[in-house]
Amino acid sequence: MRDALLNLIRSEPPAGDSLFNQIALQIYQYQLENNPPYRQFCLLGRKSIQTINRWEDIPPLPVTAFKSVDIACRPIQEATHLFHSSGTLRVLPGHGKSRHY
């Protein structure tokens, strides 16, 4: 999947919408299978790999999710980098900066 995405980014001339859609749906399926908080969010909204046919229909997580739970496809203990948001918008009490692994 990684190689397919990199090839899409580097393609000359730019790849068509069909290939982009195909790779986006593969990434969406990977996220559903490996990211429990995202899977729960999608299933609550009745969004699954069976109900999504176009990349435009893939549900984005709200920003507040990154402040309240760890959003990752692998155990966070395996993360080699951790990035924090600037924390300028504090929506939830006790949850300042969002974390990105």
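**Figure 1. Cysteines of the predicted model.** The structure holds 0 disulfides, a disulfide being a pair of cysteine sulfur atoms within 2.5 Å. Cys42 is buried, with a relative accessible area of 1%, whereas Cys73 is partly exposed at 22%. Buried means under 20% relative accessible area, exposed over 50%, and partly exposed in between, with a 1.4 Å probe and protein chains only. This is a predicted model in which local features need pLDDT of at least 70 and side-chain atom pairs count only at pLDDT 80 or more, while totals for chains, interfaces and linings use all residues. Residues are numbered from 1 along each chain as its sequence is written, and side-chain values use heavy atoms, with hydrogens and water left out.

**Figure 2. Confidence by element.** The protein averages a pLDDT of 83, and 82% of the residues score at least 70; pLDDT is the predictor's confidence in each residue, from 0 to 100. Among the elements, helix H2 has the highest mean pLDDT (93) and strand S2 (residues 99-100) the lowest (64). Helices (H or I, at least four residues) and strands (E, at least two) are DSSP runs, numbered from the N terminus.

**Figure 3. The second largest pocket.** This pocket has a volume of about 160 Å³ and is lined by Met1, Arg2, Leu5, Ile27, Tyr30, Gln31 and Cys73. The elements giving two or more residues to this lining are helix H1 (2-10) and helix H2 (17-34). H2 supplies the largest share, 3 residues. By class, the lining has 5 nonpolar, 1 polar and 1 charged residues. Ala, Val, Leu, Ile, Met, Phe, Trp, Tyr, Cys and Pro count as nonpolar, Asp, Glu, Lys and Arg as charged, and the others, Gly among them, as polar. On a 1 Å grid over the protein atoms alone, a pocket is an open set of points with protein on both sides within 12 Å along at least five of seven lines, and lining residues have an atom within 4 Å of a point. Grid points are joined across faces, edges and corners, and the volume is the space filled by probe spheres set on the points.

**Figure 4. Ile27 in helix H2.** Ile27 is found in H2 and is partly exposed, with a relative accessible area of 26%. Leaving aside neighbours within four places in sequence, Ile27 is in contact with Met1 and Leu5, contact meaning heavy atoms within 4.5 Å. The C-alpha atoms of Ile27 and Arg2, 25 residues apart along the chain, are separated by 9.3 Å.

**Figure 5. Asn35 between two helices.** Asn35 is found in the loop between H2 and helix H3 (36-44). Asn35 counts as buried, at 2% relative accessibility. Not counting residues up to four places away in sequence, Asn35 touches Ile71, Ala72 and Cys73.

Note on methods. On a 1 Å grid over the protein atoms alone, a cavity is a set of points where a 1.4 Å probe fits but cannot get out, and a pocket is an open set with protein on both sides within 12 Å along at least five of seven lines; lining residues have an atom within 4 Å of a point.
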